[in-house]
Amino acid sequence: MNIIFFGPNGSGKGTQGAILKDKYNIAHIESGAIFRDNIKGGTELGKKAKAFIDKGDLVPDDITIPMILDRLKQDDCAKGWLLDGFPRNKVQAEKLDASLKEEKMKLDIVIEILLDRQIAKDRIMGRRLCEKDNNHPNNIFIDAIKPNGDVCRVCGGALSSRADDQDEGAIDKRHSIYYDAETGTLASAYVFRDIAANDTTINYFTLEGKNALPDVTAELISKL
Ligand code: CO
């Protein structure tokens with residue numbers, strides 16, 4: 001089962017991705033990790049990518065896409081893959097589609113988590129970490145997991161927030177790319193939506209991301 005998963009930061013994509021990974025016993029391929037692995041491993045593509053990254057430039061698609069295809073061919077992808085974080089723009093989506101077809105890799109499912117941009121931002125900025133247990137989720141903007149005053153709703157432990165989650169400029173920058181429906185990540189999702197509209201072997205569906213996490217999971221399961 002080969003899946004591409006779209007959703008903005010803050011949409012709970014990671015949680016739903018883990019469910020897909022377990023259900024189909026497929027590899028969860030996160031595009032950022034592919035860069036890191038290639039650079040760390042000193043591969044030819046990694047060396048080329050690093051030269052761009054060191055200059056502060058974006059890595060061109062003719063390096064990124066072969067890296068991704070290479071990753072999707074590795075042993076842990078034998079039962080399929082879940083691609084997360086790529087493509088990020090319309091041109092990449094068109095190139096990825098062409099490359100998958102060339103490689104005769106069959107895309108089965110494309111999922112898009114719908115979530116209003118402001119809600120996505122609130123959810124990131126509202127995350128709180130429990131000092132006593134990382135597995136105690138707290139979020140000041142999500143009713144189901146709202147902290148108990150200013151302490152952990154589960155154990156009463158002190159709460160803190162990650163600096164990344166409070167970096168409003170960085171969140172806005174990422175979301176500006178994601179929510180750009182003309183050339184950005186949403187546009188890339190729509191490339192696959194259009195392909196699926198003419199190809200009954202590809203199941204493209206959306207999930208209502210504003211719902212509570214268990215409800216999003218239920219919707220996911222019902223649409224698979
Ligand atoms: Co706690």
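**Helices, sheets and ring pairs in a predicted model**

Me: How do helix H6 and helix H7 cross?

Reply: The axes of H6 (residues 117–125) and H7 (residues 168–178) come within 11 Å. They cross at roughly 145 degrees. Axes here are lines fitted to C-alpha atoms, for helices over the stretch in contact, with angles from 0 to 180 degrees between N-to-C directions. Helices (H or I, at least four residues) and strands (E, at least two) are DSSP runs, numbered from the N terminus.

Me: Where do these numbers come from?

Reply: This is a predicted model: local features need pLDDT of at least 70, side-chain atom pairs count only at pLDDT 80 or more, and totals for chains, interfaces and linings use all residues. Residues are numbered from 1 along each chain as its sequence is written, and side-chain values use heavy atoms, with hydrogens and water left out.

Me: Back to the crossing of H6 and H7. Left-handed or right-handed?

Reply: The crossing of H6 and H7 is right-handed.

Me: Which residues of H6 and H7 make the contact?

Reply: From H6, Arg-117, Ala-120, Lys-121, Ile-124 and Met-125. From H7, Glu-168, Ile-171, Asp-172, His-175 and Ser-176. Contact means heavy atoms within 4.5 Å.

Me: On to sheets. What is the order of the 5 strands?

Reply: The order is E2-E3-E1-E4-E8, in an open sheet with parallel pairing. Two strands pair if DSSP finds at least two bridges between them.

Me: Which strands stand at the edges there?

Reply: E2 and E8 (203–208). Each has a single partner strand, so one side of each lacks a neighbour in the sheet. From one strand to the next, the twist averages 20 degrees.

Me: How many bridges do E1 and E3 share?

Reply: E1 and E3 pair over 4 bridges, in the parallel sense. Asn-2 has Trp-81 of E3 as its bridge partner, and Ile-3 has Leu-82. Strand E2 (residues 27–30) is also joined to E3 by 4 bridges and runs parallel to it. There, Ile-29 partners Leu-83.

Me: Are the faces of E3 covered or open?

Reply: Both are covered. Trp-81 and Leu-83 on one side, and Leu-82 and Asp-84 on the other, are all buried. Buried means under 20% relative accessible area, exposed over 50%, and partly exposed in between (1.4 Å probe, protein chains only).

Me: What about the sheet of 3 strands?

Reply: This open sheet has the order E6-E5-E7 and antiparallel pairing. E6 (138–139) and E7 (159–160) are its edge strands. E5 (residues 127–130) meets E6 through 2 bridges.

Me: New topic. How many aromatic pairs?

Reply: The count is 2. Rings of Phe, Tyr and Trp (its six-membered ring) pair if their centres lie within 6.5 Å; planes under 30 degrees apart are stacked, over 60 edge-to-face, the rest tilted. Phe-6 and Phe-192 have centres 6.5 Å apart and planes at 40 degrees, so that pair is tilted.

Me: Why does the pair of Phe-6 and Phe-192 tie together separate parts?

Reply: Because Phe-6 lies in strand E1 (residues 2–6) and Phe-192 in helix H8 (residues 185–197), parts that are 186 residues apart in sequence. Phe-6 is buried at 2% relative accessibility, and Phe-192 is buried at 1%.

Methods:
Left-handed = near helix turned anticlockwise from the far one by under 90°.
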